[in-house]
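Keep the model open while you read. The tour goes from the whole chain to single residues.

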Amino acid sequence: MATLVIRHHLEDASAREAITSADWAGAAGYATLDPAPILGTAARHADHAATALALVLVDHVVSDGEADDIEAAVRALAEDVPTLLVGHSLSLLPNLVDPAGVTVGPWTPRHEVRLRPRPGVDPRRLGDLLVHDRLLVPDKVSDEVDVLVTANLGFRDHPVATWNPSSGIGTLLLGWDPAVWRERELLRLVRHLGHAAAAQPEAAEVRVGMLGYGAIGHEHALAVQAVPGLALAAVSDLDAGRVGLARTVAADVAGYTDSQKLLDDPTVDLVVVSTPPNSHAEWARLALDAGKHVGLEKPMALTAADCDDVLAHADAVDRTVVVYQNRRFDPDYLVMRRLVMQGTIGELFHVEAFVGGYAHPCNYWHSDAAVSGGAIFDWGSHYIDQLLDLMPGDVAAVTAANHKRRWHDVTNADHSRVTIHFTDGREAHFIHSDLAAAPKPKWWALGTDGAIRGDWRTERVVGRSAIGTLTEDVLALADSPATMSLHHPDGSVTAMAVPPAPAHAFHRELADHLLRGLPMTVPATQSRRVVAVMEAAERSAAARSAPVALP
């Protein structure tokens, strides 16, 4: 159980509030936060876990005696807990220059700092971490000091985070702007710095078994092989040909057509269940009983009771269960979420999400309500998860409707509508339709200070046939990110850039979680809540849209 110790001597109340109220548990996975003024606080912390870290923040020193007391407290703290001097601290505590092994120079202006962790510090990071802050530029770094993170200034790499193993004291030479402590990725980086300072070796790679190897299984396998710390070890599928496909990703993967043999394989640490939804809960229980961690395709299960049983199983055997809520990382959704969470449109009180068009549903288990849970479960597993992330408040009731009017050869509804009523009066709506000849926008979100709209795109993949003639493949609306626009109260509209999706974001988080204890963006309890809303929606639809509370 990792503890983050924060010792501060700050005149700036906003800085003190930012550092002590940052969501360290949610972003970096610290089990406990121990904030206190550095003066007048007990110095010994021997009961803290080996992976704990201490941050020291000082923005003023008023006397030599006070400086001596702070320096003595820092040295005592560093005897028990790896300690980083953050922001201004080292420039105000000259007697700690030698133990830190760093001599500092001037502050830069506030600008976009591109942080680059050294190899092994944050092994699954893709690209630089960008923060807007001032940087305290080092003049000199001792040879005994390990440089953990750098930033490039004027075509030169400068240390940003350092660690002196002989003294137990390091530095993090930014944090001047209180806003940086709201940056989730920076908080996660601090946790990685704690691992590096403690010289805690990363656990052996997580060996992954794929239970079911359809299209989504192949997607998982490619991601597993691309992410450091994960390795594809085994695959099971009733179709031996699919096992052969897995060997195009990892030639030496063990292959089974009996999934029990995969569960019995002692080399497998994590089982990813990619079977149809009505079997998720049972396979999860069997994998947990076999001592494996479990990754489930969404939906987690078809009832909240089954979700609860899976979570109880995981607790009983001390194993992890996660659900592949991959749409949390859709690029248009990330734009939407950032605007809402930053308060750009004020308070979000009404949001609608739509997916569909006018076309026959697929002729596969996705369209069989007994297997998939129905149309609400099939697409709602993605969109209702996003809606609940945007509106995390308490749900008062759910109302819903299902229409069966055109496609009678499948058992899913042709058109579904779900409305989530929150206790504070806000509402979220989700519509999936295979009868929408005129589609709605993907997103329509209203706030007290503006609105956000996400419009579906019609994209064509253009190519040539074998004889050189033009070919065109029109993608389904759901296969392209929406274009996003911000609508202002004066009627003006700002087109929002939609960056590419982060590569293998879920699998990188999963490796960090299993190997270093960092939290997942979407814990299984949130996936359970999605199932509860969808279960209530199906009950409401069966009762002619009567309000239904969450199970």
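Helices (H or I, at least four residues) and strands (E, at least two) are DSSP runs, numbered from the N terminus. This is a predicted model, in which local features need pLDDT of at least 70 and side-chain atom pairs count only at pLDDT 80 or more, while totals for chains, interfaces and linings use all residues. Residues are numbered from 1 along each chain as its sequence is written, and side-chain values use heavy atoms, with hydrogens and water left out.

Start with the whole chain. The protein chain has 16 helices and 27 strands. Its radius of gyration, taken over C-alpha atoms, is 26 Å. Along the principal axes, the C-alpha atoms fill a box of roughly 85 × 60 × 55 Å. Of the 551 residues, 52% count as buried. Buried means under 20% relative accessible area, exposed means over 50%, and partly exposed lies in between (1.4 Å probe, protein chains only). Contact means heavy atoms within 4.5 Å. Among contacts between residues at least 6 apart in sequence, 70% join residues at least 24 apart.

Now take helix H6, residues 184-197. The expected span of a helix is 1.5 Å times one less than its number of residues. For the 14 residues of H6 that gives 20 Å, and the end C-alpha atoms are 20 Å apart, which agrees. H6 is mostly covered, with eleven of its 14 residues buried. Among them are Leu186, Leu187, Arg188, Arg191 and His192. Just after H6, Ala199 takes a positive phi of about 50°.

Next comes a helix pair. Helix H10 (residues 280-289) and helix H11 (residues 304-317) pack at about 5°, their axes 10 Å apart. Axes are lines fitted to C-alpha atoms, for helices over the stretch in contact, and angles run from 0 to 180 degrees between N-to-C directions. Angles under 35 degrees count as roughly parallel, over 145 as roughly antiparallel, 65 to 115 as roughly perpendicular and the rest as oblique. H10 and H11 are therefore roughly parallel to each other. Ala281, Ala284, Arg285, Leu288 and Asp289 in H10 meet Asp306, Asp309, Val310, His313, Ala314 and Val317 in H11.

Which loop holds Pro299? Pro299 lies between strand E16 (293-296) and H11. A cis peptide bond joins Lys298 and Pro299, with omega about 0°.

H16 (residues 524-542) has 19 residues and reaches 27 Å from first C-alpha to last, close to the 27 Å expected. Val531 is found in H16. Val531 is buried, with a relative accessible area of 1%. Leaving aside neighbours within four places in sequence, Val531 is in contact with residues including Pro299, Thr303, Cys307 and Phe377. Val531 and Thr303 are 228 residues apart in sequence but 6.3 Å apart in space, C-alpha to C-alpha. Just after H16, Arg544 takes a positive phi of about 55°.

Phe155 is found between strand E9 (146-153) and strand E10 (156-164). Its phi is near 65°, a positive value in a residue other than glycine. Phe155 is exposed, with a relative accessible area of 82%. His504 is found in the loop between strand E27 (493-496) and helix H15 (505-516). The phi of His504 is near 55°, also positive. His504 is partly exposed, at 35% relative accessible area.

Terms used: Rg over C-alpha atoms; globule rule 2.2 N^0.38 Å.
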